[in-house]
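Student: I'd like to go through the side-chain contacts in this one. Can you take me along?

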Amino acid sequence: MSEKTISSHACDYDVAIIGLGPTGATLANLLAIEGLRVLVLERDKDIFALPRAVHFDGECMRVFQTVGIADSLLPKLFVGPGMKFVNAEGKLLIDWQRPTCIGPHGWCASYKFHQPDLENALRERLAGQANVDVRLRHEVFALDETSDGVRLRFEDTSCGKLGHATARYVVGCDGARSIARRFMGTELTDLKSHERWVVVDVLLDAPRPDLGDYSIQYCDPARPTTYTRGPGNRRRWEIMVMPGDDAAQLGSHEWLWGKLARWISPADARLERSAIYTFHSVVANGWRRGRLLLAGDAAHQTPPFMGQGMAAGIRDASNLAWKLGAVVRGQAPDSLLDTYESERSPHVREFIETAVQLGSVIQTTRPDIASSRDREISAAIRNFVTPQPKLGAGAHLDEPSAVVGHIAPQPRLPGGRLLDDAVGYRSRSSRSKLLSQCDDLAEQAARADVEVVASGEACLREWLGAIGAAAVLVRPDRYVYGVAQGDESLRCLLELAIPALQTERA
């Protein structure tokens with residue numbers, strides 16, 4: 001058969017994923033739940049054994065709950081209380097408190113983690129999925145897109161053997177230097193923040209409560225520095241590279257211990273890893289071309305000042321997985337995949353732009369500008385609140401609303417079960433008791449594979465009352481599609497959200 005006439009039914013896989021980092025592994029797990037045939041190609045043999053990303057939030061934990069790894073992760077996590085920005089004299093400039101109690105997602109707002117722990121948990125979960133084919137040490141070098149599928153060509157670098165496979169869709173989760181992005185011809189929009197920092201991870205020999213549990217941004221123009229607590233005895237410092245630094249010395253033990261002397265010495269800890277990074281702020285201008293898509297760092301990169309780099313990739317996977325499932329199964333048109341970028345790009349851009357703004361506070365290196373900054377901010381200490389952006393236009397109702405396009409809360413039901421566990425990985429409709437007797441609505445929801453959750457539980461009844469709705473339709477990624485005020489508006493809501501019901505009624 002010619003490469004130009006690959007039948008979608010003849011493709012080896014429904015979806016191929018390039019890259020098995022946190023984004024790719026999360027996407028593969030979600031697609032496995034969707035029942036799709038998945039190929040994952042990863043160029044490296046092993047998980048990178050040292051720390052990289054160190055933070056994720058309650059929304060990410062909810063995705064890990066859906067995947068089935070949240071409970072195994074929990075003992076290895078540290079709940080972060082927030083972040084403080086202080087000037088050279090130690091005066092508080094910005095206070096970013098993160099509640100350490102269980103929040104609206106059913107989890108805490110901020111978790112610190114060791115990335116290899118997360119990656120191992122994601123891969124162990126994949127190992128039990130019969131419909132997922134993971135191939136390590138396989139490097140993709142060509143993507144031949146057709147009207148019916150994509151032919152991936154790759155090398156098994158363990159033996160030099162060349163191979164190929166076909167898939168209906170390919171998702172590049174292959175990082176900042178994404179080969180998928182190159183084949184798509186996608187350019188990056190530069191949000192104008194590119195600074196070099198040295199990141200150093202240490203393992204304490206003994207507890208050091210004096211270092212504190214809060215992350216600290218030391219906004220000192222002489223040497224901007226970040227301190228972050230990790231789980232257990234892990235600590236991280238990020239040290240900005242200054243114009244006068246000797247490039248040959250950066251990262252040497254002498255240089256690192258000299259910069260860390262304010263806090264610790266070799267008698268207190270050992271260096272685990274150091275690396276020089278340029279913190280970029282870019283967004284891809286085009287996350288989809290035909291059957292090729294991007295996710296994670298391939299689609300966007302952010303400075304670390306909000307701890308949202310990896311979290312953004314997990315949100316990508318959550319947004320994209322159910323849409324790929326619906327399209328591959330023929331339950332939605334291919335155009336549904338266009339809503340992936342239209343929803344996610346404005347959402348992630350708000351986080352990146354906020355991180356750039358915070359970075360401008362931290363990365364001020366001129367004393368005169370820092371003094372002016374300190375006077376302006378110190379006049380009234382700024383209490384920073386985590387942004388809660390709405391999704392961009394896409395697969396939800398286009399209406400002004402405090403809940404539509406936002407993620408729904410996850411209460412714990414009577415008996416202790418979390419709502420997402422009770423619903424499963426599908427759409428759900430939370431309905432008042434008034435609507436629970438409408439048998440035709442229940443039948444319509446069943447045909448659409450929408451789980452109906454009656455609001456007899458106080459937690460759901462209170463939420464519906466607070467937003468003034470009789471019913472709410474929530475997507476599989478837990479974002480609100482729309483709200484309804486009665487049974488007829490709920491019927492319309494279901495028909496708008498589920499294309500199969502539109503056809504059925506016609």
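Tutor: Let's start with E272. This is a predicted model. E272 counts as buried because its relative accessibility is 18%, and the cut-off is under 20%.

Student: Which side chain does E272 meet in a salt bridge?

Tutor: R234 meets E272, at 2.6 Å from N to O. R234 is in strand β16 and E272 is in strand β17. They are 38 residues apart, so this pair links distant parts of the chain.

Student: How many salt bridges does the structure hold?

Tutor: The structure holds 28. Some share partners: K323, E343, R475 and D477 are joined into one network that way.

Student: What about R315 and E59: how far is N from O?

Tutor: The distance is 2.9 Å, in a salt bridge between the two side chains. R315 sits in helix α7 (residues 309–328), and E59 sits in helix α2 (residues 58–67). The two are 256 residues apart. Both R315 and E59 are buried.

Student: And D268 with R208, where are they?

Tutor: D268 is in the loop between α6 and β17. R208 is in the loop between β13 (195–204) and β14 (215–219). Their side chains meet in a salt bridge at 3.5 Å, N to O.

Student: Is D268 buried or partly exposed?

Tutor: D268 is partly exposed, because its relative accessible area is 25%. R208 has 18%, so R208 is buried.

Student: Switching to rings. How many aromatic pairs are there?

Tutor: The count comes to eleven aromatic pairs. One of them is W237 with W263, a tilted pair with 5.8 Å centre to centre and 40° between the planes. W237 is in strand β16 (residues 234–240), while W263 is in the loop between α6 (253–260) and β17 (269–279). W237 and W263 are buried.

Student: How do W287 and Y340 pair?

Tutor: They pair edge-to-face, at 5.4 Å centre to centre with 70° between the planes. W287 lies in the loop between β18 (282–285) and β19 (288–289). Y340 lies in helix α8 (residues 338–362), 53 residues apart from W287. Both W287 and Y340 are buried.

Student: Which residues form an aromatic cluster?

Tutor: F56, F64, Y111 and F113 form one.

Student: Last one: which ring does R229 lie over?

Tutor: R229 lies over the face of F78, 4.0 Å from the ring centre. Likewise, the charged end of R291 sits over the ring of Y169, at 5.0 Å from its centre.

Note on methods
Residues numbered from 1 in each chain as written. Predicted model: local features only at pLDDT ≥ 70, side-chain atom pairs only at ≥ 80, totals over all residues. Heavy atoms only, no water. Phe/Tyr/Trp six-rings, centres within 6.5 Å; stacked < 30°, edge-to-face > 60°. Helix = DSSP H or I, 4+ residues; strand = E, 2+ residues; numbered from the N terminus. Buried < 20%, exposed > 50% of the residue type's maximum accessible area, 1.4 Å probe, protein only. Lys NZ or Arg CZ within 6 Å of the ring centre and 35° of its normal. Salt bridge = Lys/Arg side-chain N within 4 Å of Asp/Glu carboxyl O.
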